[in-house]
4 protein chains.
Amino acid sequence: MIQITVIQIDNYGPWTVTPKPRRESDLQALQSRLYSDLNLLFGAHKGLVFYTRFDNLIAITNGIDLITHKRIQENIRNRYPFTISMVIASGETPYEAQKLATETLQEYGSAKDENRREVLDVANELIDGYVQIAHIDINNITSYTDTLSTYDNYLNIKRVQLLLMEELLKHEALLFFVGGDNFMSPCNGMNEEDFLDIFDKVYKKLNFHLKAGIGVGKTAEDASNLADIGLEKIRAREVNKSVCFLKQDFIENPTFKRKICGVE
Amino acid sequence: MIQITVIQIDNYGPWTVTPKPRRESDLQALQSRLYSDLNLLFGAHKGLVFYTRFDNLIAITNGIDLITHKRIQENIRNRYPFTISMVIASGETPYEAQKLATETLQEYGSAKDENRREVLDVANELIDGYVQIAHIDINNITSYTDTLSTYDNYLNIKRVQLLLMEELLKHEALLFFVGGDNFMSPCNGMNEEDFLDIFDKVYKKLNFHLKAGIGVGKTAEDASNLADIGLEKIRAREVNKSVCFLKQDFIENPTFKRKICGVE
Amino acid sequence: MIQITVIQIDNYGPWTVTPKPRRESDLQALQSRLYSDLNLLFGAHKGLVFYTRFDNLIAITNGIDLITHKRIQENIRNRYPFTISMVIASGETPYEAQKLATETLQEYGSAKDENRREVLDVANELIDGYVQIAHIDINNITSYTDTLSTYDNYLNIKRVQLLLMEELLKHEALLFFVGGDNFMSPCNGMNEEDFLDIFDKVYKKLNFHLKAGIGVGKTAEDASNLADIGLEKIRAREVNKSVCFLKQDFIENPTFKRKICGVE
Amino acid sequence: MIQITVIQIDNYGPWTVTPKPRRESDLQALQSRLYSDLNLLFGAHKGLVFYTRFDNLIAITNGIDLITHKRIQENIRNRYPFTISMVIASGETPYEAQKLATETLQEYGSAKDENRREVLDVANELIDGYVQIAHIDINNITSYTDTLSTYDNYLNIKRVQLLLMEELLKHEALLFFVGGDNFMSPCNGMNEEDFLDIFDKVYKKLNFHLKAGIGVGKTAEDASNLADIGLEKIRAREVNKSVCFLKQDFIENPTFKRKICGVE
């Protein structure tokens, strides 16, 4: 079970144009700083936040309790010109969890409801689950960065992103762009073959080779650290395929063993 | 002529994994704060920055001279664990300008070249041109936000984004996501009909109605402010079509007249 | 026992003038942002940081373990152009604790030692103690703000600050300015009479009336929250003297009872 | 004539305790980030801001016009949970300028007046003057940092600061602490002898040797850069006294010549 928190700025759209449209560079600075702060605040407790739409964000929050969420909510209220609502949910898959969380949030009222402020709720329950994250990148991206134009590279990455999103959704996995040629996919329940199949499709359609480190851990940070190590192993050719799966040893659950890239 | 600055973090990829992969929440906080700061710093001179890939950013910088760029470059060096390179170029279209800028940057060496640091150059010339920006959004997005799941909404927006990118590129216009359901498109040379045609295609393919305020001004800020006003006019039904084109009165160039949405 | 962490930027002085003196506004932005981030990061675990000299900071860290310190140290390394060293110490008084921490840090080498990087150590031990904080302010400061010049007000506050520092040190308490007319004093071991005596001296010398809420709690946040409540009680005239002492009920230690301003 | 801007957060005190006292670590993060941002925003135009009381700040703003102030004011409104008021004034001395600015601000109402928001005014006029800044530090501070406790060092610096403030005020110069053992003093009208006399007094009373680079320039940045260079010259023993005075060549005013530390 993965734990997801859906975060929504309260009544943000109307605020951005009241009394008249606010300067775009200020809004960009504001939104990206909120995202930065949320990563510091959730990151302090081993969570990980994705900017998604900037006014609606998705965080992986296994191991983070309700009172910590409340403290983060207060922190934003104390320093920003707006407030945020948050709903936490757990699910077998990331898609299911965020869907549950969203539904509970929607029950409290519209994103534009002036009277809906600082919702904080749990859709089902906070349980001790695990997080599986794939850190995906594009092979030899620098050769493209050094030859194509900045925008053409950007467009290529957006094409890869959308195709990955569509394919991963079939497995109820999510996908987020995290900069450069890097994507992070919360993907509880998927296996190596699933990724190899998807990478095949991407190659056939878009002619880019992908690779992924996949980590499984008790928290988003544990999982993403293992995913990073997996990716480094592929880069260092310590693994001879394009996916490397690493699991954290769980003391509490002796059936979890750290498997290094398929080699016990 | 629009003036574009291509910004690239020097040797960033290797830094993120040296000596071992750095914590993802820290990197997200770092990158988004860089983006925030660049918007404050360029915004102080009426420029506008788009995060693009976060390690490669694109800014509209009409009216911003080389010495100001140098001061911004120093500012980043003085506060961040890395440096940035920047090349400025002008073009009839945004695509052309960013391409020229990228080519000049690439001549200085690879994005991963350890010895290439703090490039600052002008590809062709700094001229007094104008900026045309379209601020595009999706009609009734809140009805979707309030009913679909957070991720499904996000995916829809990514679908609209990619289709807009592909279509706008045919006109050598760029497109960037700026949060919520909002896109900004530097689009010098395009007219209302071009946008109406593209919006038609988006509706036929994805079933979303789009609208756009389009502003023309001496700087990115002037243009985007006018684009915002145009969008507000459509929302307020002061205009009965889905595009509203506003031009800044240029004192220096009396042929520019502020046209309010086609009504002289 | 209060737990104090002494934080020092590694080799900062030389960095600020290499290769030539860096722009002062950038350094001010850098230092104050470091301070801001340290408060977010320690604050996420109920700690509280004071900027002190900006390159040497003092934090109250009861309840924050070594691994959390290490994560904060990595966080700064991952986002700043320098690293920080930290030593934790406990003491009966805040002065004693910071002295012990400093001594251990000094054993590792000079603040300007190029080879001393990211020290992280515990001078004595991490124990379950308590924090006592006084939140002191000046009566009717707004009447001064609204009549004297900005600098004259500032100078008055600096005079009060230095006198408070000298007097509190006799009790091995520390004092930090936290903005406006507000001071925070970690003051384990002091009682109401001690403060009333000091406030008398300040009034006789400088003609300002002071008041203080004093809180005792398991963490810096608990203590400072109670101190704030105490101050509000004085302002609301719920208490008829210039000091209000509040103690957190400690479940673990039934001898601690919340005393409301001397009234059981 | 030096140009000073007095900046005041509107109705800040009441906000910090409404509906109940806000978490201190959040307020510290908020205030220091405001200070950081103001330095970036004014710094983009060669100004320099001092945090002073954090809710009342003093900036040197020669060369920065009213419209730029207005843009900065909007920027803060667009990203912070409060607004700021600003008044600009020019004076023969920094003290006189800040006094004039404060008086005009006070005419608009109290710092706690709920209805006084976003004042922006000019007390007398914006003129082309010059800025004189002294950058003062303490000799051999590292030897103290490496032997005394962190707090004892901090206290010493506060003692030096207050004495400097009292002495400089006799010359209508201001003094601000800028971190480490560094002070910045806007000091239009003072000469080398004045500083040597003050440093003598500080040595006799507190037993610390001080030195200062003094810069004169058209903007705060120009002046502080020259002050930094002066300080480096003293450190490098290129100058054999404890004050080094450097003036920017003013093209517009040929009577200004760059004098290097008294040697024409």
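1. D37(A) and R33(B) are joined by a salt bridge, with N to O at 3.8 Å; the rule asks for a side-chain nitrogen of Lys or Arg within 4 Å of a carboxyl oxygen of Asp or Glu. The count between chain A and chain B is six salt bridges. Keep in mind that this is a predicted model, where local features need pLDDT of at least 70, side-chain atom pairs count only at pLDDT 80 or more, and totals for chains, interfaces and linings use all residues. On bookkeeping, residues are numbered from 1 along each chain as its sequence is written, chains are lettered from A and ligands numbered from 1 in the order in which they are written, and side-chain values use heavy atoms, leaving out hydrogens and water.

2. D37(A) also turns up at chain D: R33(D) forms a salt bridge with D37(A), the closest N and O atoms being 2.7 Å apart. Between chain A and chain D the count is four salt bridges.

3. Chain A puts in 72 residues and chain B 73 residues. The buried area is about 6200 Å², with carbon and sulfur atoms giving 58%; that is the accessible area (1.4 Å probe) that two parts lose on being put together, summed over both.

4. For A/D, 16 residues of chain A touch 16 residues of chain D. The two chains bury about 1600 Å² between them, 36% of it on carbon and sulfur atoms. On the chain A side, R23(A), N78(A) and R79(A) lose the most area to chain D, together 39% of what that side buries.

5. Eight of its eight residues are buried, so β6(A) is largely enclosed by the rest of the structure. Buried here means under 20% relative accessible area (1.4 Å probe, protein chains only). V131(A), I133(A), H135(A) and D137(A) point one way, and Q132(A), A134(A), I136(A) and I138(A) the other.

6. Which strands pair with β6(A)? Strand β9 (residues 210–217) of chain A runs antiparallel to β6(A), with eight bridges, and Q132(A) sits opposite V216(A). Strand β8 (residues 182–186) of chain A is antiparallel to β6(A) as well, through five bridges; there, I133(A) has P186(A) as its bridge partner. Pairing takes at least two DSSP bridges between two strands.

Key
Buried means under 20% relative accessible area, exposed over 50%, partly exposed in between (1.4 Å probe, protein chains only). Helices (H or I, at least four residues) and strands (E, at least two) are DSSP runs, numbered from the N terminus. Contact means heavy atoms within 4.5 Å.
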